[in-house]
Amino acid sequence: MAKLHLSFSSYFYSMQSVKHLIKEGEHQQQDFKFRIDDSKKIARTLAAFANSDGGRLLIGVKDNGKITGVDPTEEIHMIEAAVDMYCKPKLEFQSRVWQEDMKLVLEVSIEKSAKRPVLALDEEGKWKAYVRRKDHTLLANKILLSIWKMERFDQKRPEKIGEEETQLLNIITQNPQITLSKIYRLSTLEKSNIDRLLPLFICWDLVSMEINENGTFYEITKD
């Protein structure tokens, strides 16, 4: 089981610090939860934090920022189940408890993983990778999965770019914010070649990839 890191010494500390966090709202590294009802579901958010820039949950806080409070012991059990049973590899976390009057807020922090991807079970019981973008937890696409694999090795940019690479870069240059499906349609290259080259372009900082709730888009990296 993941180690329990409850800091009960934080009780009776000023709530100014946690209120300052709440004022930030939900964003890429912060999410509010009224309470945890489903360990499998919250595991996707925790895995997404680990696959992105790390992040924290403030449990006992509504989406609108209102502090409602929770029983931290019960919530910790749900978090432990999430990181131990529904994340692969298992995640480590840190936690802190804050108090305002008689209301307790549990803060759970996840660091960015050095070994991505961290997988979580989806609704069909399949292991999937998720990322955090703004205040959304999104499914990672195959290009991002390839990038994570490439990150383990030094991907040196070649001195010269070949014909296939040039064709693909020209398509992206001429079609800003292009989707992968449109690249497939416009290119004469095999899909497998496109799937191989796009992650390389991103690792070489020639192409940028934007993932949001509307989809995934590619464009030439701006200087």
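A: Start at Asn 212, whose bridge partner in β10 is Gly 215. The model is predicted, and what follows describes that model. The strands concerned are β9 (207-212) and β10 (215-220). They form a hairpin, with two residues between the strands. β9 and β10 run antiparallel, and six bridges join them. In general, the strands of a sheet pair through backbone hydrogen bonds, in a parallel or an antiparallel way.

Helix α5 runs over residues 163-174, which makes 12 residues. From its first C-alpha to its last it reaches 16 Å, close to the 16 Å expected at 1.5 Å a residue. Its buried residues are Glu 165, Leu 168, Leu 169, Ile 171 and Ile 172. These residues lie on the same side of α5, because they cover an arc of only 155 degrees around the axis. An α-helix has 3.6 residues a turn, so residues three or four places apart point the same way. The face of α5 turned away from the buried side carries Glu 163 and Gln 174, which are exposed.

The buried residues are Asn 193, Ile 194, Asp 195, Leu 197, Leu 198, Pro 199, Leu 200, Phe 201 and Ile 202. The 13 residues of α7 should span 18 Å at 1.5 Å a residue, and the end C-alpha atoms are 19 Å apart, which agrees. After α7 comes Asp 205, which has a positive phi, near 65 degrees.

Elsewhere in the protein there is an open sheet of four strands, in the order β3-β6-β7-β8, with antiparallel pairing. Its edge strands are β3 (87-88) and β8 (136-139), each of which pairs on one side only. Helix α2 (residues 39-51) packs on this sheet and touches β3, β6, β7 and β8. The direction of α2 makes about 60 degrees with that of β7. Within the sheet, β6 (residues 119-121) and β7 (residues 127-133) run antiparallel and are joined by three bridges. Ala 120 has Lys 128 in β7 as its bridge partner.

Another strand, β4 (residues 94-100), contains Arg 96. Arg 96 counts as partly exposed because its relative accessibility is 35%. Its C-alpha atom is separated by 6.7 Å from that of Val 108, which is 12 residues apart from Arg 96 along the chain.

The whole protein has seven helices and 10 strands. Its C-alpha trace spans about 65 × 35 × 30 Å along the principal axes. Of the 223 residues, 48% are buried. Contacts between residues at least 6 apart in sequence join residues at least 24 apart in 68% of cases. The protein exposes about 12,600 Å², of which carbon and sulfur atoms supply 48%.

Definitions and conventions. Residues numbered from 1 in each chain as written. Predicted model: local features only at pLDDT ≥ 70, side-chain atom pairs only at ≥ 80, totals over all residues. Heavy atoms only, no water. Expected span 1.5 Å × (residues − 1). Buried < 20%, exposed > 50% of the residue type's maximum accessible area, 1.4 Å probe, protein only. Arc of directions from axis to C-beta. Contact = heavy atoms within 4.5 Å. Pairing = 2+ DSSP bridges. Axes fitted to C-alpha atoms, helices over the stretch in contact; angles between N-to-C directions. Areas by Shrake-Rupley, 256 points an atom, 1.4 Å probe, with all protein chains shown as cover.
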